[in-house]
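Colleague: I have not looked at this one before. Can you walk me through it?

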Amino acid sequence: MAKRKASIDIRQCVACGCCIKVCPKGALSIPKGIYAEIDKNLCIGCGKCAKECPASIITMEVAE
């Protein structure tokens with residue numbers, strides 16, 4: 001099974017912070033206050049952030 005990582009469409013993110021609250025590894029942050037960013041090194045591909053995102057803009061993609 002391929003490893004997955006979260007990916008955010010930053011053009012549509014409104015920085016609500018819902019994804020940050022559910023990430024078990026602290027892989028998400030809003031450093032610029034405009035959109036959430038993912039630290040791919042910390043992301044374990046659990047998909048909790050994608051399920052929690054009210055705008056459905058976080059997707060799980062096969063890691064490279």
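Modeller: One term to begin with: a residue is called buried when its relative accessible area is under 20%, exposed when over 50%, and partly exposed in between. Cys 49 has 8% relative accessibility, so Cys 49 counts as buried. Keep in mind that this is a predicted model.

Colleague: What is the closest cysteine sulfur to that of Cys 49, and how far away is it?

Modeller: The closest is in Cys 43, at 6.1 Å, which is too far for a bond. A disulfide needs the two sulfur atoms within 2.5 Å.

Colleague: How many disulfides does that rule give?

Modeller: The count is 0. Cys 23 is in no disulfide either, its nearest cysteine sulfur being that of Cys 46, 6.1 Å away.

Colleague: Is Cys 23 buried or exposed?

Modeller: Buried, with a relative accessible area of 19%. Cys 16, in contrast, is partly exposed at 41%.

Colleague: Where is Cys 16 found?

Modeller: In the loop between β1 and α1, the latter covering 18–22. Cys 16 is 17 residues from Gly 33 in sequence, and their C-alpha atoms are 9.6 Å apart.

Colleague: Moving on to the inside. Which residues have the most contacts within the largest nonpolar core?

Modeller: Ile 8, Leu 28 and Ile 58, in a core of 15 residues. In soluble globular proteins, nonpolar side chains tend to be buried together.

Colleague: What is Leu 28 in contact with, apart from its neighbours within four places in sequence?

Modeller: Ile 8, Cys 19, Ile 20, Cys 23, Glu 37, Ile 38 and Cys 49.

Colleague: And Ser 7, where does that lie?

Modeller: Ser 7 is in strand β1, residues 4–8. Ser 7 is buried, at 19% relative accessible area. Beyond its neighbours within four places in sequence, its contacts include Ile 38, Ile 57 and Ile 58.

Colleague: Now charges. How many salt bridges are there in the whole structure?

Modeller: A search finds 2. One joins the side chains of Arg 11 and Asp 9, with 3.1 Å from N to O. Another is between Lys 32 and Glu 37, whose closest N and O atoms are 3.6 Å apart.

Colleague: Start with Arg 11: buried or exposed?

Modeller: Arg 11 is exposed, with a relative accessible area of 74%.

Colleague: What about Lys 32, buried or exposed?

Modeller: Lys 32 is exposed at 55%, while Glu 37 is partly exposed at 27%. Glu 37 is also among the contacts of Leu 28.

How values were computed: Residues numbered from 1 in each chain as written. Predicted model: local features only at pLDDT ≥ 70, side-chain atom pairs only at ≥ 80, totals over all residues. Heavy atoms only, no water. Helix = DSSP H or I, 4+ residues; strand = E, 2+ residues; numbered from the N terminus. Buried < 20%, exposed > 50% of the residue type's maximum accessible area, 1.4 Å probe, protein only. Contact = heavy atoms within 4.5 Å. Core = buried A, V, L, I, M, F, W, Y, C linked by side-chain atoms within 4.5 Å. Salt bridge = Lys/Arg side-chain N within 4 Å of Asp/Glu carboxyl O.
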